[in-house]
Amino acid sequence: MKKDLFQVNQEVVYPLQGIGQIQAVDERQFKGKKIPYYKIYLKSSDMTALVPVERAAELGIRPIAPKKEAQRVLDIISEDFEPLQGDWKTRYQINHNLLKQGSVMDITTVVRALYHRSKIKELPILERKLFDSALKMLVDEISYSLGKPTKEVERIVFSKLEPEGDGDILGDIDSELFDDDLDDTLNIDET
């Protein structure tokens, strides 16, 4: 039996699924063999996934990024980058593959690229869903890593995405890019 990569109650990132917590390591019968599985609870979707221990690394399941890396991500997200060229289907496939790889840097790359693309032209629905998913994964991971509330991390991420010198950190961001209750967090009065 292979040594467990993760411990019970450890927070992990499950690419394309979100942040989860290892609830147990159980053995199940499969084709006449006892196979150890991680039981991972994914809070964002209120779902439990069973993942064979020996396939966890192959599926990209990894620990939450350390504080130092999370802070580096917040610095990198505001740096200049080369936007992806091509039609939306090509961009979608490239960004989807990055999310499947699941590193925090890959997730950051997707959020940054799609955010800036959305400032030029409205994203097609599949790219929009990909952006929302990547943003949620990034915010959740940084929040866990730094021990900060998700709304605070979301505000920080958007402020880093906006170019320097824009007085309003929210600029002219499409209001659909984030939750309605973010207005409450930022104390924005809509009256």
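## Salt bridges

In this predicted model, the side chains of Asp 132 and Arg 128 form a salt bridge with an N to O distance of 3.4 Å; a salt bridge is defined as a side-chain nitrogen of Lys or Arg within 4 Å of a carboxyl oxygen of Asp or Glu. Both residues belong to helix α4 (residues 125–146) and stand 4 residues apart, about one turn of the helix. Helices (H or I, at least four residues) and strands (E, at least two) are DSSP runs, numbered from the N terminus. Asp 132 is partly exposed at a relative accessible area of 32%, whereas Arg 128 is buried at 16%. Buried denotes under 20% relative accessible area, exposed over 50%, and partly exposed the range in between (1.4 Å probe, protein chains only).

Helix α4 also holds Lys 136 and Asp 140, 4 residues apart, about one turn of the helix. These two residues form a salt bridge whose closest N and O atoms are 2.9 Å apart. Lys 136 is partly exposed, with a relative accessible area of 42%, while Asp 140 is buried at 13%. A further salt bridge links the side chains of Lys 148 and Glu 152 (3.4 Å, N to O); Lys 148 is partly exposed at 32% relative accessibility, and Glu 152 is partly exposed at 29%. The count of salt bridges comes to 8.

## Strand pairing and hairpins

Strands β2 (residues 18–30) and β3 (residues 33–42) run antiparallel and are joined by 10 bridges. Two strands are taken to pair if DSSP finds at least two bridges between them. Gln 29 has Lys 34 of β3 as its bridge partner. The hairpin of β2 and β3 has 2 residues between the strands, and in this hairpin Lys 31 adopts a positive phi near 50°.

Strand β3 is also joined to strand β4 (residues 47–52), by 6 bridges in an antiparallel arrangement. Here the bridge partner of Tyr 37 is Pro 52 in β4. In the hairpin of β3 and β4, with 4 residues between the strands, Asp 46 takes a positive phi near 50°.

## Nonpolar cores

The largest nonpolar core has 31 residues, of which Val 111, Phe 131, Leu 135, Leu 138, Ile 142, Val 157 and Leu 161 touch the most other members. Two or more residues each come from α1 (67–76), α2 (88–101), α3 (104–120), α4 and α5 (150–161), and α4 gives the most, with 9 residues. A nonpolar core is a set of buried Ala, Val, Leu, Ile, Met, Phe, Trp, Tyr and Cys residues joined through side-chain atoms within 4.5 Å.

Val 111 touches Ile 77, Phe 131, Ala 134, Leu 135, Leu 138 and Leu 161, residues up to four places away in sequence not being counted; contact means heavy atoms within 4.5 Å. A second, separate core of 12 residues includes Phe 6, Ile 22, Leu 42 and Ala 49.

## Other positive phi values

Most residues other than glycine have a negative phi. Asn 9, although not a glycine, has a positive phi of about 75°. Asn 9 lies in the segment before β1 (11–14) and is exposed, with a relative accessible area of 52%. Leu 16, likewise not a glycine, has a positive phi of about 65°; Leu 16 is found in the loop between β1 and β2 and is partly exposed at 31%.

## Basis of the values

Residues are numbered from 1 along each chain as its sequence is written, and side-chain values use heavy atoms, with hydrogens and water left out. In this predicted model, local features need pLDDT of at least 70 and side-chain atom pairs count only at pLDDT 80 or more, whereas totals for chains, interfaces and linings use all residues.
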